[in-house]
Amino acid sequence: PHYTVDERERFQAEVIDDFVREYAAGRTPNPCARCNEHVKFGPLLARARALGAERLVTGHYARIEAGELLRASDPSKDQSYFLFAMGRAALAHVEFPLGVWSKELVRAKARAIGMPNADAPDSQELCFVPGGDHGEVIEARAAALGLDMGSFAAGELVDASGAVVGEHRGIHRLTVGQRRGLAISGEKPRYVLQVLPEQRRAIVGEVEALDVREIVVEDFRRMVDLGEREQLEAGVQVRHRGQPAAATIELIGEVARVRFAAPVRAVAPGQAAVVYAGDRLLGGGWIREARASNR
């Protein structure tokens, strides 16, 4: 039997609207992790179990072994970073069969059974931003959410001293670490260091100023047994294509304070910070604050 489940309203409220509000607040959201939490492994899993299904099987590149979430065998396709918010309880009811396959093997098997999309190119775009311009999506939805449209107007780019060095097209089009599109003249390229939504400003500086030594992570989810108060040494990954950086993590309830062994560059508040021990995913949460390495 084939069932169609209409979750458009939930996807709009929990994923797209969250995306809009986060950018309006000067943060950089992670909609794929939000979707996994609020749509795929929440109501979809509940619906599957209500229909009598023993497992929910998805095409995520990750592995589940002995009740724990692990990276995919193909590190270039690993999606475990987006799955920390699915909840530990869901692991007993989910399967990720592609987690032990390479993408090349997936395509070969698809060709063998005649699937028309066997050689379709990989997409890096968000499913609700098909044109690639997330700014247009935000502007179109902001008024419906009652957000101040003035906050999406053009504003100033300033350096650390407060001197105006350029103009931006709206804080919702900026993210920490961004260089492209700033149109600032000078001998050295400059990057977005901090977004200040209340002032409609962004602070820019040279690349070294992006180095971060500490972050504060909120709404931390434990995917293995970790105490309410615990300190551990592990790797912390702060972006999907990044590598885990060695760090000391102090857990206090749902807050994690992370101190990196060496500075990590361009950490954006609003993104996910996910903790690994080798291939094992220990937990993760949302970056609330990043502190420069020279503070």
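**Exercise 1.** With which residue does Arg291 form a salt bridge, and how far apart are the closest N and O atoms?

Solution. The model is predicted: local features need pLDDT of at least 70, side-chain atom pairs count only at pLDDT 80 or more, and totals for chains, interfaces and linings use all residues. Residues are numbered from 1 along each chain as its sequence is written, and side-chain values use heavy atoms, with hydrogens and water left out.

- Step 1: apply the rule for a salt bridge, a side-chain nitrogen of Lys or Arg within 4 Å of a carboxyl oxygen of Asp or Glu.
- Step 2: the partner of Arg291 is Glu289, with the closest N and O atoms 3.1 Å apart.
- Step 3: classify by relative accessible area (buried under 20%, exposed over 50%, partly exposed in between; 1.4 Å probe, protein chains only). Arg291, at 29%, is partly exposed. Glu289 is partly exposed at 31%.

**Exercise 2.** Is Asp119 buried or exposed?

Solution. 

- Step 1: Asp119 has 52% relative accessibility, so it counts as exposed.
- Step 2: its salt-bridge partner is Arg111, the closest N and O atoms being 2.8 Å apart.
- Step 3: Arg111 has a relative accessible area of 45% and is partly exposed.

**Exercise 3.** Which residue forms a salt bridge with Glu37?

Solution. 

- Step 1: Arg221 pairs with Glu37, and their closest N and O atoms are 2.7 Å apart.
- Step 2: the pair ties together parts 184 residues apart in sequence, because Glu37 lies in helix α2 (residues 31–40) and Arg221 in strand β9 (residues 211–222). Helices (H or I, at least four residues) and strands (E, at least two) are DSSP runs, numbered from the N terminus.
- Step 3: both Glu37 and Arg221 are buried.
- Step 4: a network of salt bridges links Glu37 and Arg221 with Asp18, Arg34 and Asp219.
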